Amino acid sequence: MSTAGFNSQNGAGTGQPYSNGPSQNPVGLQQLPGAGYGSGHQSPFNLMQAKAPSPSVPGHYSPGPFQPLPPGSPYHLSPSPTAYPAPQGQPLLTAPLIGRPPSQTPPHSASSSPGLRLIPAQPTPPPPPAVSSSSYHQNPLQTAAPAWHYNTSQPTMRSPAPMILPPHGPVANNVNPAASLAGQSLPPPPLSSAAYNTSPPSPHLSQTQSQPQGLGMPPTSLHGYGQPGSAPPPMNPMAPHTYQPIRPAYGPPPTGPPPPMRPTPPPTGPPAASGTPPPTKADGAVAGNGPQATNSYNHVDSKMAGLAQPGPPGRHLGHYPSLPPGYQNTSGPPAPSPMHPAMQAATQPYTQAPQAYQQMSGGPGMAQLSPSLASMSLQSGTPEALRVVNLLQERNLLPPTPISAPTPCLTQDLQRINCSPEVYRCTLTSIPQTQSLLNKAKLPLGLLLHPFKDLSQLPVVTSSTIVRCRSCRTYINPFVSFLDQRRWKCNLCYRVNDVPEEFMYNPVSRSYGEPHKRPEVQNATIEFIAPSEYMLRPPQPAVYLFVLDVSHNAVEKGYLNVFCQSLLDNINALPGDSRTKVGFITFDSTVHFYNLQEGLSQPQMLIVSDIEDIFLPTPDSLLVNLNECKELVQDLLKSLPSLFQKTMETQSALGAALQAAFKLLSPTGGRMSVFQTQLPNLGVGALQSREDPNQRASAKEIQHLSPATDFYKKLALDCSGQQVAVDLFLLSSQYCDLASLGCISRYSAGNVYYYPSYHHQHSPAQVECFQKDLKRYLTRKIGFEAVMRIRCTKGLSIHTFHGNFFVRSTDLLSLPNVNPDAGFAVQMSIDENLVDTQVVSFQAALLYTSSKGERRIRVHTLCLPVVNSLTDIFAGADVQAISGLLACMAVDRSVTASLGDARDAMINAAIDSLASYRQFALTIQQPGLLAPACLRLFPLYILALLKQKAFRLGTSTRLDDRVFAMCQLKYQPLAYAMPMIHPSLYRLDDLTDEGALNVNERTIPQPRVLQLSVEKLSRDGAFLMDAGTVMYLWIGRNCNPIFLTQVLGVPSYADVLDNLYVLPEIDSAESQRTRALIGWLRDQRPFYPSLHVIKDESQLKASLLQHMIEDRTDSALSYYEFLLHLQQKITK
């Protein structure tokens, strides 16, 4: 398999500046003629200065002890005594092909992506440098191989592990070796190159400040058995008062000499009024606080919805739920708490109990932390995270309740104020001290972010002085060190900064001389209302433009009625203020504009038929103020469905409509919502069908995952430059080439919504989903003209981004719109040894304009310990975060190399990590497939990804369905993506209130999570499968009649309707419990999963069975067979 694949820069063709990833020459982005950001329009804001790039980390890790397996050689293992017995007459280890056969000539790649471990057959000189962005980061000497290197130095190669075909079924994953030769050295292509070809990654982003000598000690093994120590006081003692975000804005410090330094009791009166900001320099920087980033991030509506997401309290590693031994008929681990992790987070406050301020002569340096970490080492027994699990013998590995994120091994005081895992999650909660140690662990290092998540508790600070490091521009946070009252040391670059005079005043306690108790130093997630010094122009208004397909196909679908009615119902709930503007464009073979100027008695439609040279007929009256023209807008929405009722236009000029919408929004920026129901077939951007339905199931390799034209990507980059985001709603049962159309949203920070079988009469479940999703879309909070930068402690660097965005400079993500449902991921490497570092920090700063016209900065800071032991690295592994990051990387590998390469790389990721654990972390070698308890689900999640719609082979999968599944894995936050990767199965006919949650006065049952196997289904029960975007309620043929009567409202199984998608509201305990559980599951995600009630003979039963990850199919291994395959490769 090729190393080409995991750079994932979301970028342009080789050498092309329009890369949605780190750019080699950020300056070039503003100097290129033609389409793109900076071509003809000046950026509205000065960008924050990027950190000085440091040299790229050298290549890959060494392959370890593994040797290539001869192609096609069968593997034979003696069955374990506790293993599944082989069926009679069938060999035990006959398995379908998962990895592709190794090619004789491995393709070249220009990257040093993680994990590739193919070993060359004989020493050969390195190949010439190639250009490819499909790997972790740039290394021109890398050759291709089918796995990922996690930022290591000696590139080596190893053939992917071949597997034996089953006795029947199609052969999966036969890859043409030439398919992965993408990445040969080529001259830079023109701007019209394919959108998914990514540019070479930029130098790694890292700080250049050196750490003072003598401030730290070598890290202590978090899970070793050293001498116990006493924990020191926290770096920054906690504030004595809980911060109330609903208070008025904080005021200025009092005048006159400072009062004596002593703690002050809680205030009884209101906080002081706002004061005057300090003088500013000519360039807009705040005096006395170093250079300020102009036009920093702003916006958050005053009303925050959702759950609070503070981090869970610290706990000792010995208290994880343990799994009983034995593979058959055993129950899973007990739940640590009946409360769902999201609810646990909601119950914990941001600020904590009073702590006395202690000034240390040398400051609370990093050395102070070492004894506390040593004291957390367990003195007896093995931590639960490191308990050795033989995966071939312990079958019931799933915990009975949803899995929560692991807790970093920090002092309780630090962990209490750490960033919530719902917002900020790292694949390794213990950071390796060196890159070589990370290479040895064979685990990816990266972050998964949900930066604009809805929060119910969000401290908002108004201050004329936003305190930042004068060197690296880090925002002051709970993990900085106060050397004394007047100086603080940055936790990212270690520079000592002065404390501004205004920061000496604590607005919470209304006392002076306690900078360590300010809200900025007590909350890992905080939002600033930026002063005027951060702006170069007035914040833009909220602008919404709707672009609607009104062709015959669209009218036949019937979506216009639903859209118009939904917008009428929610028009007063659109986020905005008195400046909010709206506009409408419709299109078929022509483009229609609507004059809604104030004073007209009715809307006026203007038709432009020249789609080759589109223009705006009346530019000043097409976007109108919503408050002033609301009646005209409502009249248009009422008449629009009937206006095209009898149209016979079958063509679609989507490209021209998008060009017109871009011209209309360019002066202000805003949000473009596009509704499309067919393949665009007229004018610019016209597409042709590239899918052969007859090859869906039999294809050995999937073609056409990359766009057919660069028109939509180039237009998206133009939109991004003018602060316009494009959201695409695709409602079609026919092929629409989502791989091409999706670029318009991907590179403009938009969303893609897909309803593959939408029809207003034939698919009521899809209509309900569309209605619910549209309501959420129209009313959720939104941030405009946003940028986001991620900073990390000196010695670490970020080299690859995943998500929907455009990388404006090496580490600045351009987000014309930001919404609370968007997730991002980044890959990281260790550039410098962290020998004198006890903890590292990561800070994400999001600057945006709120719908109310405020510039705001939301800052999240995460702190993690540094370790020098391989066992500590494994103990801190977050298996869900690792799986989510690997899924993002596999999507990029599928597009830039091949789907077979991506599948092989995921398999090898599991082989590598478990082999490294066996070789380096196990103290006593044992037979079997061994894993630490924290990684016990890793093979299961990898198998689930291989069977996921995005990556599966041998099963009929529509191309648009596959591409949309890939979009979701890249864009969805981890909490929403995990049910799509590994669904949850519950039994519903025996629900009780035992262990139930109480949420908003509702009782939510918490049934046990079952394994995804048909053997868990019984014909006398009813089972619910939650697969993220869809739910299946399977009714057994002999289901309890009480359940049928009390929940479904029918007397017998035969009376259950075939297309039932809504449960009737019956006044019974069984009905209330069932509907409460389904409603609670739906409330935990921003999109609306449809519900399908299916019987044993229903057509949808096949869809249900495709989610049974642990069962064998004609083209995929069962879970047990997959474990045997991993074991053979590891023990070779």
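**Helix packing and sheets in a predicted model**

In this predicted model, helix H14 passes helix H17 in a left-handed crossing. The axes of H14 and H17, the latter spanning residues 959–971, come within 8 Å of each other and cross at roughly 135°. Angles over 145 degrees count as roughly antiparallel and those from 65 to 115 as roughly perpendicular, so H14 is described as oblique to H17. On the H14 side, the contact is made by Ala887, Cys888, Val891, Asp892 and Ser894, and these residues meet Met966, Leu969 and Lys970 of H17. Sorted by class, the contact between H14 and H17 contains five nonpolar residues, one polar residue and two charged residues.

H14 also has a helical partner in H15. H14 covers residues 879–896 and H15 covers residues 899–921; the two pack at an angle of about 150°, and their axes lie 7 Å apart. That angle is over the 145 degrees used as the limit, which means that H14 is roughly antiparallel to H15. The crossing between H14 and H15 is right-handed, whereas H14 passes H17 in a left-handed crossing. From H14, the residues Leu886, Ala890, Arg893 and Ser894 take part, and they meet Leu899, Asp901, Ala902, Ala905, Met906 and Ala909 of H15. In terms of class, the contact of H14 with H15 has seven nonpolar, one polar and two charged residues.

H14 lies across strands E2, E4, E21 and E24, and runs at about 100° to E24. These four strands form an open sheet in the order E2-E4-E24-E21, with antiparallel pairing. At its edges stand E2 (424–426) and E21 (796–802), each of which pairs on one side only. From one strand to the next, the twist averages 25°. Within the sheet, E4 (residues 446–449) and E24 (residues 824–830) run antiparallel and are joined by four bridges. One of the residue pairs to look for here is Leu449 with its bridge partner Phe824 in E24.

A further open sheet of four strands has the order E28-E31-E32-E33, and its pairing is mixed. E28 (984–987) and E33 (1090–1094) are its edge strands; each has a single partner strand, so one side of each is left without a neighbour in the sheet. Ignoring direction, neighbouring strands in this sheet are turned by 15° against each other on average. The strands E28 and E31, the latter made up of residues 1022–1026, run antiparallel with four bridges between them. Leu985 has Met1025 in E31 as its bridge partner.

H16 (residues 938–946) and H22 (residues 1119–1131) pack at an angle of about 115°, with 10 Å between their axes. The range from 65 to 115 degrees counts as roughly perpendicular, so H16 is roughly perpendicular to H22. Their crossing is right-handed. In H16, Pro939, Leu940, Ile942, Leu943 and Leu946 make the contact, meeting Tyr1119, Phe1122, Leu1123 and Leu1126 in H22. The contact of H16 with H22 has nine nonpolar residues, with no polar and no charged residues.

Finally, an annotated segment can be located in the chain. In an unreviewed UniProt entry, residues 466–502 carry the annotation "domain: Zinc finger Sec23/Sec24-type". Over residues 466–502, the model has 0% helix and 27% strand, and the end C-alpha atoms are 10 Å apart. Strands E6 (residues 481–484) and E7 (residues 487–489) pair in the antiparallel sense through three bridges. A hairpin of two residues connects E6 to E7, and Ser481 has Lys489 in E7 as its bridge partner.

Technical notes:
Residues are numbered from 1 along each chain as its sequence is written. This is a predicted model: local features need pLDDT of at least 70, side-chain atom pairs count only at pLDDT 80 or more; totals for chains, interfaces and linings use all residues. Side-chain values use heavy atoms; hydrogens and water are left out. Two strands pair if DSSP finds at least two bridges between them. Axes are lines fitted to C-alpha atoms, for helices over the stretch in contact, and angles run from 0 to 180 degrees between N-to-C directions. Angles under 35 degrees count as roughly parallel, over 145 as roughly antiparallel, 65 to 115 as roughly perpendicular and the rest as oblique. A crossing is left-handed if the near helix is turned anticlockwise from the far one by less than a right angle, and right-handed if clockwise. Contact means heavy atoms within 4.5 Å. Ala, Val, Leu, Ile, Met, Phe, Trp, Tyr, Cys and Pro count as nonpolar, Asp, Glu, Lys and Arg as charged, and the others, Gly among them, as polar. UniProt positions are given in the numbering used here, feature names are shortened, and annotations may be inferred rather than shown by experiment.
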